[in-house]
Amino acid sequence: MQANKKESILEIRNLNKKIDGQTVIDDIHFSIQKGDIYGFLGPNGAGKTTTLRMITRLIFPHSGDILIDGHSIRNNSVLALSRVGSIIENPAFYLHLTARQNLTLSAKLAAVKVPKTRINEVLSIVDLKEAKDNKVKTFSLGMKQRLGIANALLCYPSLIILDEPTNGVDPMGLREMKALIKRLAEKEKITFLISSHMLREMEDLCHKAAFIQSGKIVEEGDIAELLNVYQVTNLEDLFFACIKENLT
Amino acid sequence: MKNIWALTSFEFKRTLTSKMLLVYTLIYAAMYVLTGVIFKVYGAGKTVVAGYGQSFPVEMLQAGITFTAVFIAIYVGEILIQERNNGTIKFVLLRSVSRFQYYISRIISIFLFSLLLTTIIILIGYVVGLLFFDWGDTFVFYSVTTSGWQGIRVTVLAGLAFAFAYFIFGLIALLVSQFIQRIATLAMLMGLSTLVGQYIVIYDQIKQYVIYEHLLFFHINLFEKSISYSVTSFGVLVGYLIVLGTAGYFLFKKQDLYV
């Protein structure tokens with residue numbers, strides 16, 4: 001009940017997407033409240049990245065709408081996305097530039113004024129301050145992921161969207177990333193939408209989740225409540241229980 | 001406006017420090033030196049130049065049509081296809097940059113690159129021209145015979161006309177690049193189009209409306225034809241600019257970017 005009182009930061013309304021005549025996202029809808037760490041979970045090819053691309057306006061839905069902080073992405077995508085930081089599929093940077101130069105360019109393109117000190121600040125948060133003057137082409141995948149998070153944090157976001165953020169991250173890095181996300185959610189009051197097919201890794205991170213399978217949301221809600229409803233003990237079992245329920 | 005400026009200045013700085021620009025400069029320099037050598041060995045009849053250092057740059061503009069067209073196409077590929085393939089387009093679009101701002105920044109970048117390339121060509125022309133022929137006492141360019149500052153003025157005007165025509169050609173490449181995945185394919189297609197296009201301009205009735213006519217002759221016709229002819233040609237190029245810019249933007253605006 002407490003969660004329902006919270007303000008919604010992201011609302012997905014009856015979203016549909018067809019690619020080459022085939023429906024890949026089928027009337028999905030869910031909403032995320034401020035302060036949530038929300039898991040968008042499902043197997044590879046389920047439609048997670050496609051949905052996130054639609055949220056960030058890289059691709060366009062055939063029907064439906066997306067509201068971020070009350071602003072429709074159809075009507076004013078720049079305003080709607082002005083306080084959103086994101087990594088979609090993999091973090092992309094200009095490899096011939098240093099981490100600092102990439103973030104400087106990113107800051108110049110931001111809707112909000114980003115002070116120069118903010119660049120060092122976000123690099124410190126992701127523990128990349130020592131590597132700030134190294135070219136991104138010398139970075140490991142894990143370092144690029146952390147730089148991606150730094151870039152997402154740059155404009156004081158209220159919502160951060162992370163698409164498979166644990167890809168290519170070693171166990172140590174994974175632990176640090178989870179701690180970082182939890183810290184940011186608690187201290188900075190940032191809402192997270194995290195997609196992943198690695199259900200076990202998301203288990204102790206997300207409070208709520210939507211399970212997506214073949215472009216459809218098969219279940220959505222508070223993870224603790226869902227575990228209780230389906231009488232299972234972990235996310236993986238919960239996911240399969242949801243699919244089974246959906247098939248029957 | 002802030003975003004357009006930030007993106008354009010970023011692209012321009014990247015171009016100025018790119019290895020490709022150095023390669024283009026060396027290719028033009030080699031071509032110009034070769035022309036100078038052939039002139040010295042075989043005489044004026046074997047080249048398109050008259051043998052005066054001051055008119056060498058403007059005479060040589062036309063010689064590089066295919067090279068210039070390919071270089072422009074490669075540049076367009078770098079600022080759109082490569083951005084898409086490397087995913088860096090999302091680095092920009094996931095910030096508060098609208099697709100309109102992004103596309104306008106690409107158009108301005110192509111304009112600046114056309115100007116930069118033309119400036120390089122003209123400067124190389126002066127250096128190589130001075131080395132092989134000295135300054136000379138006469139400036140000769142088709143029916144224009146003059147000297148000194150007047151010759152430089154004609155060269156600059158012809159250069160601007162040349163750059164403008166290639167800018168429009170770059171806009172065609174920008175539109176086409178939305179359907180192509182590889183820079184090499186775009187460069188080959190655009191380069192081939194100039195070879196074919198040279199034959200289209202034999203039809204007098206349509207040639208003034210064909211871009212290839214302007215790639216080859218706009219900078220010459222400016223001095224050889226009537227003012228009304230030049231105004232019409234300029235109007236045709238502006239028409240291309242409006243149609244290609246608008247059509248390209250609307251395509252880009254609706255395009256799904258799987259990056």
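Predicted model: local features only at pLDDT ≥ 70, side-chain atom pairs only at ≥ 80, totals over all residues.
Stop 1: Colour residues 2-83 together with 158-247 of chain A; they form domain 1.

**Stop 2: where the domains touch.** Go to the boundary between the two colours. Here 10 residues of domain 1 of chain A are in contact with 9 residues of domain 2 of chain A. What is the domain 1 side of chain A made of, nonpolar, polar or charged residues? The side that touches domain 2 of chain A has 5 nonpolar, 3 polar and 2 charged residues.

**Stop 3: helix α2 of chain A.** Select residues 48-55 of chain A. This helix is mostly covered, with 7 of its 8 residues buried. Which residues of α2(A) are buried? They are Lys48(A), Thr50(A), Thr51(A), Leu52(A), Arg53(A), Met54(A) and Ile55(A). Note that Lys48(A) and Arg53(A) are on that list. Now step past the helix to Arg57(A), which follows α2(A). The phi of Arg57(A) is positive, near 70 degrees.

Take two of them in turn. Residues 152-176 of chain B are 100% helix and 0% strand. The end C-alpha atoms of that span are 36 Å apart. Residues 183-206 of chain B are 75% helix and 0% strand. Here the end C-alpha atoms lie 30 Å apart.

Terms used. Residues numbered from 1 in each chain as written. Chains lettered and ligands numbered in written order. Helix = DSSP H or I, 4+ residues; strand = E, 2+ residues; numbered from the N terminus. Domains from an automatic or database assignment. Contact = placed C-beta atoms within 7 Å. Nonpolar A, V, L, I, M, F, W, Y, C, P; charged D, E, K, R; others polar. Buried ≥ 20, exposed ≤ 12 C-beta atoms within 10 Å, placed from the backbone.
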